[in-house]
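Here's a quick briefing to read alongside the model. Have the structure open and follow along by topic.

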Amino acid sequence: MNFGEKVVVFNQNLKYHGKLPKDFQVMNPFLDNPETLLVMKQFYDKFYGDNRNRKFVIGINPSRHGAGVTGVPFTDTKRLESACGIRMESARTHEVSSVFLYEMIEAYGGAAPFYRDFYINSPFPLAITRKGKNGIYVNANYYDDKELFTAVEDFMVESLIKHISLGLDTSEVFVLGVKNAAFLKKINDREKLFDQMTVLEHPRYIQQYKSKEKEFYIDKYLLAFNQK
């Protein structure tokens, strides 16, 4: 199998059976929406139909409006269509992180050159939501609650090992989010998965709080990715 086919198989077999603290839920887009499987497969067939050795870019866990719908990390339906050329019929989503990430990808040279060199996913590759005071579920991060992290840590380690087994370059990993990096450093110190960790500000943080300095952060990403 080529790299993309391996990713598709990984996603098709994703299931979380562990316990979760009260008010937390896991969303599995590959079970929730049949079209997610179709567009996810189109994406990996289009951009990953080879056996290149890629660098790993690690997010936190998918959002319910990004990969929680499309099955593609940091990619809402808008960017899936406009930047990747794949239309999703059953949903229309806008995800804040996706805006910055795809502006950076455009500066890199576009989706095809970027995905030829990099693979993005998360240590917890399914979306996590938490019930708010109004009873509505909102995005949650795996590290938002100590009990939650304890519950999902083994699954995260197992997922990271499976990602690496796809054929990733482990000499350097790019971690998105400072707090995310602190948790992953503890895991990496114990498991010895990656030789070097390069930490970058999370796209959501940049888009939400540093949008006036967006060009600075795009340049920071490109420099980290060894772009001239």
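**Helices, core and rings**

Heads up before you start: this is a predicted model. Just after α9, K192 takes a positive phi of about 55 degrees, and a positive phi also turns up at G109, near 135 degrees, following α6.

**Helix α9**
- α9 covers residues 178-191, and its 14 residues should span 20 Å at 1.5 Å a residue; the end C-alpha atoms are 20 Å apart, so the two agree.
- Its buried residues are N180, A181, F183, L184, I187 and N188.
- The cover over those buried residues includes β2 (54-58), α8 (146-165), β6 (168-176) and β7 (197-200).
- K186 puts its charged end over the ring of F183, 5.7 Å from the ring centre.

**Helix α6**
- With 13 residues (96-108), α6 reaches 19 Å from first C-alpha to last, close to the 18 Å expected at 1.5 Å a residue.
- S97, S98, V99, F100, L101, Y102, M104, I105 and Y108 are the buried residues here.
- Among the elements covering them are α5 (77-82), α7 (111-117), β3 (118-121), α10 (203-209) and α11 (214-224).

**The largest nonpolar core**
- This core has 72 residues, and the ones touching the most other members are F43, M104, F114, Y115, Y119, Y142 and F225.
- α8 supplies the largest share of the core, with eight residues.
- Leaving aside residues up to four places away in sequence, M104 touches F114, I218, Y221, L222 and F225.
- As general background, nonpolar side chains in soluble globular proteins tend to be buried together.

**Aromatic pairs and a charge over a ring**
- There are 32 aromatic pairs in the structure.
- One of them is F216 with Y217, edge-to-face at 5.0 Å centre to centre and 80 degrees between the planes.
- What about burial in that pair? F216 has 51% relative accessibility, so it counts as exposed, whereas Y217, with a relative accessible area of 7%, is buried.
- Y221 and F225 also pair edge-to-face, with 5.9 Å between centres and 90 degrees between the planes; both Y221 and F225 are buried.
- Over at F3, the charged end of R54 sits over the ring, 5.0 Å from its centre.

Technical notes
Residues are numbered from 1 along each chain as its sequence is written. This is a predicted model: local features need pLDDT of at least 70, side-chain atom pairs count only at pLDDT 80 or more; totals for chains, interfaces and linings use all residues. Side-chain values use heavy atoms; hydrogens and water are left out. Helices (H or I, at least four residues) and strands (E, at least two) are DSSP runs, numbered from the N terminus. The expected span of a helix is 1.5 Å times one less than its number of residues. Buried means under 20% relative accessible area, exposed over 50%, partly exposed in between (1.4 Å probe, protein chains only). Contact means heavy atoms within 4.5 Å. A nonpolar core is a set of buried Ala, Val, Leu, Ile, Met, Phe, Trp, Tyr and Cys residues joined through side-chain atoms within 4.5 Å. Rings of Phe, Tyr and Trp (its six-membered ring) pair if their centres lie within 6.5 Å; planes under 30 degrees apart count as stacked, over 60 as edge-to-face and the rest as tilted. A charge sits over a ring if NZ of Lys or CZ of Arg is within 6 Å of the ring centre and within 35 degrees of the ring normal.
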